[in-house]
Amino acid sequence: MSTLTRRRLKDNAWAYLFIAPQMLGLILFIVGPVLFAFGISFMRWDIGTSPVWIGFANYSKQMTDPVFWKVLRNTGLFALLHIPLTVVGSLALALLLNRNLRGKMIFRAVYFTPVVTSAVAVALVWTWLYNPNYGLINSALSSVGIQGPGWLTDMNWALPSIVIMTVWQALGYNMILFLAGLQGVPSHLYEAAKIDGASSWQRLLKITLPMISPTTFFVVIMLLIGSMQVFSEPYMMTRGGPADATNVVVLHIFNTAFQFFRMGEASAISFILFVIILVITLIQFKFSKWVNYDV
Amino acid sequence: MSKLSLKIAAVSLIASLVLSGCSSNGSSGSSSGSSPGEGSGEKVTLRMSIVAGADEMPGWQGMVDAFNNAHPDTEIKLERLPGGWGEYVQKMTAQIAAGDPPDIGRLGVVYMPMFSSKGQLEDLTPHLGNFDKSQYYASALEQYDQNGQMFGMPTGVYTMAMYYNKDMFEEAGIPLPSSDWNEAWTFDELREAASKLTKGEGPNKQYGVYVNLNPERAIQYLWSNGGGILNEDRSKSIINAPESKEALSYLQSLIQDGYSPTPADTQTTPVDQLFQSGKLGMLIEGTWMMPGFSKIDSFEWGVAPIPVGATGQPATPNFVDAYVVYKGSKHVKEATEALKFFVSEEAENILVDNNIGGIPVLKSVADARKVDMFEALSLEEKEVWFQSVEISQALPFTSNWQELMDTTMKKLDLVGFGRLDAGQAADELAVELDKMLE
Amino acid sequence: MSSSRKFPLSTIPIYVLLVIGAGVMILPFLWMISTSLKGQGSMFDYPPRLIPRPVQWDNYYRAWTTLPVGLAYLNSLKIALLVTAGSLLTSSMAGYAFAKMKFLAKQPLFVVLLMTMMIPGQVTLIPMFMWFSQINWVDTHWPLILPPILSNAFGVFLLRQFMAAIPNELEDAGKIDGLNPWQSYWKIMLPNCKPALAALGIFTFMGNWNNFLTPLIYLNDQNKFTLPLIISSFKGLYTTDWPLLMAASCISLVPVLIVYLFAQRYFIEGITLSGLKG
């Protein structure tokens, strides 16, 4: 009995040793600022003057603010489009480039270039591609007889335009993650399946997808967390326009905090967003039976 | 303060003690990083933080060096923030909140009311001493000198006027406009010229004029038509007044008739590039375009007054950035001294030498240096800029100006895209703005 | 017939697809390089020209000499390398514990770790600054180095996922050989996670190499500036010298490409799980 508890204590000690650096960072750099921000969310604070306690007013105000609902809707829509497109696209890309193709190294490098291209250059080239009158996209469409939309300047198309661009950029990034995941699939499994006469399709469904499910799960969760906090693309390309069509939650937080100087309100919106992301993430964890760990 | 905020204070205090304990192994003492120069004889160091383009730096540095040379007991360290105003404000805000701001800054005019009304700037009045306000352009000084408090010193005056492509005018047979603001074109004359200058299709289309619906760049049309955005005491919006509506409808019609590039076009090609590549006949823009346009060598261009609406009274907004002393500076007195130097004859001349800062706020320097400024223009055309200072007005800034502009921009976006009638937009805007002004 | 075995007909559609995709992917990258070699006037020409005429190599010389790019390069290199090495270590350690060990409050701690990624940085920026100001870290490189090393929830989560997928038999074999947890982490887990470590290494290096806002907020002294700050200096308040800006961006890209090429070899072939019974 006592050796068992000692053993458990020892295991715990080892585990805490392993997580100690990260926990130290959490305590030193995260807890304080987050608690501060949480406190401020119950106050009116414009930096220059001292904060005034106003209870839940910052939160309740959001419930009736049409802009808040608009940015929340836009953000949700963005995530709903961005996540599946990116997951499917980058997984397909990784599967293709994990095969024995000639020049796959070159392709991998090329598909990674959007990740390393200067953000300013990306934004400029895409606004040029999206130009409704003579951009490359609409020129191509009109050559096959389709009248293209106004893209970034069209209220219905502006958000999808941002989605297309961000998916384009996210493909290479997540392809790398999937490629790393694919390397972890032991090759003897494939050999065994081949001997059993499994088709390549069956091998994909029965071996590859289950084996990389931890990676897939990671990619989905990270895309969720990231896309609910999308900021820099709308900030650079449209500033949230036209008429709030691409205004998203974090852009709204940025404006509220650093353009309008309402720190309390910005904090409150942040924590509403936090709760939303947390709940969706926990639901994902709850239903993650499909993820194959060897624990 | 409430219980919770006390709790937060306690948590922060404990955590900060822990943190400072951790850090003190490397550096000695933890709190007094920039302790005030105690006692006399010790040299005072002032931090000055500005946002500026790389090409402007020699001028600003030169001005600061001149101050340091003339004041052996004070030294200004110039810090340049690479980025835009958005990032500058973010950084200043963080530093003010932490109680460790730079002593001196250069703050964009649109942020001034907000910073001053929220107590983030020091009042300079107690340290002004023998400062002769009468030597400065009133239109530049008065916006920072109100109710017996002074929150900033003007850095220089920027106004707006109409740049135009002389080659295109000659080709279209349009007589060149006068450089006297009292003989400015009317709205109708502008439309007629724009229609004559507009030609071609697609990417190589030549546009007559650029209509910018950003309210900070369009307000002069409303003013000269008898309208505006806010009333005299800034308590109510007048954007729905008939005169304002008429001006907005006029602007919308210029876009709808195809004389002006749409917001979609200017998203792809910045409008100053459009002008520089000879695809735009007339551009109503600020003095800040002068250095860039001075490099144009493929065509002749000039500057003229902005066309005026029904009142016949010329109008142009002015933009006067300010030198400020941030709240929390430990050397307000010395910093104010530095600000006084920055608007002195010596400093203003350095700025003119380096072609930055706009028109000097010190009248004597503005007069004496006319020959050296705006070298790309003829003497007559230079007067467009100098005369504009006299007639210019400040925008009706309020402490929540950014929010007002944000709302206004969103609405006028729709007007620019032709999705909303200008009159209707003005009516809807008036309701929203009034609510924000309460 | 051996050639058709190497290049089967069925792969032709795949190649066509990949090549079209590659064109779409690389366009802005090519545009960036091409603009960096153009004269200032010709950048908004229509139709846009990919091959600059004339080629202005001079832009690179100007970009390197007008501002202290060399110093910023060293600063950035120091920060990015330290952070990459440090956070690979700390996050693989924590990832290992969360993947393979049982301990008290494991689930709650993991959720808390994930939660740190869900709060927008905009709202912690000011308290964080107040913090670092109090301990005199403002205008030093510490806020750019220590927090990303000691707080990398992304890395912990990523490596936890990879390590969880590694068969337990491997570790069990080690335990029989008398390895303690640190040894089995170091000798068994890490070598089997190379692809994931390589991926995390690329991302961490890149993220910290390109980070703009944090150094902007914390650094005042131009001699301490990192490369993104210097590059951003090429932007004017009203007008921008695009070719110069793009030349500087290309210069800044070189280390990222080197790191990518270095890490890429870990994706070439699947690792063989040594010691695993077939």
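Analyst: Two residues are in contact if their C-beta atoms, placed from the backbone, lie within 7 Å. Helices (H or I, at least four residues) and strands (E, at least two) are DSSP runs, numbered from the N terminus. The model is predicted: local features need pLDDT of at least 70 and side-chain atom pairs pLDDT 80 or more, while totals for chains, interfaces and linings use all residues. Residues are numbered from 1 along each chain as written, and chains are lettered from A and ligands numbered from 1 in the order in which they are written.

User: How many helices and strands are there in chain A, and what does its C-alpha trace span along the principal axes?

Analyst: Chain A has 13 helices and 2 strands. The C-alpha trace of chain A spans about 80 × 70 × 30 Å along its principal axes. Of the contacts in chain A between residues at least 6 apart in sequence, 68% join residues at least 24 apart.

User: What share of the residues of chain A counts as buried, and is A:Trp168 buried or exposed?

Analyst: A residue is buried with 20 or more other C-beta atoms within 10 Å of its own, exposed with 12 or fewer, and partly exposed in between. Of the 295 residues of chain A, 48% count as buried. A:Trp168 belongs to helix H7 (residues 158-183) of chain A, and A:Trp168 counts as buried because it has 20 C-beta neighbours inside 10 Å. From A:Trp168 to A:Leu77 the separation is 91 residues in sequence and 17 Å in space, C-alpha to C-alpha.

User: At what angle do helix H12 and helix H13 of chain A pack?

Analyst: Two packed helices are described by the angle between their axes and the distance between the axes. Helix H12 (residues 249-258) and helix H13 (residues 263-286) of chain A pack at about 160 degrees, with axes 8 Å apart. The axes are lines fitted to C-alpha atoms over the stretch in contact, with angles from 0 to 180 degrees between N-to-C directions. H12(A) and H13(A) are therefore roughly antiparallel (over 145 degrees; under 35 is roughly parallel, 65 to 115 roughly perpendicular, the rest oblique).

User: Which residues of H12(A) and H13(A) meet?

Analyst: On H12(A) they are A:Val249, A:His252, A:Ile253, A:Thr256 and A:Ala257, which meet A:Met263, A:Glu265, A:Ala266, A:Ile269, A:Ser270 and A:Leu273 in H13(A). By class, this contact holds 7 nonpolar, 3 polar and 1 charged residues (Ala, Val, Leu, Ile, Met, Phe, Trp, Tyr, Cys and Pro are nonpolar; Asp, Glu, Lys and Arg charged; the others, Gly among them, polar).

User: How many residues do chain C and chain A give to their contact?

Analyst: Chain C gives 71 residues and chain A gives 69. Among the elements of chain C that give two or more residues to this side are helix H4 (69-100) and helix H14 (242-264), and H2(C) gives the most, with 10 residues. The side of chain C that touches chain A has 57 nonpolar, 13 polar and 1 charged residues. Chain C itself has 14 helices and 0 strands, and 49% of its 278 residues are buried. In chain C, 77% of the contacts between residues at least 6 apart in sequence join residues at least 24 apart.

User: Which domains does the assignment give for chain B?

Analyst: The bounds come from an automatic or database domain assignment. In chain B it gives domain 1 (44-157 + 319-378) and domain 2 (160-315 + 400-437), with C-alpha centres 30 Å apart. Domain 1 of chain B gives 10 residues to the contact and domain 2 of chain B gives 9. The side of domain 1 of chain B that touches domain 2 of chain B has 8 nonpolar, 2 polar and no charged residues.
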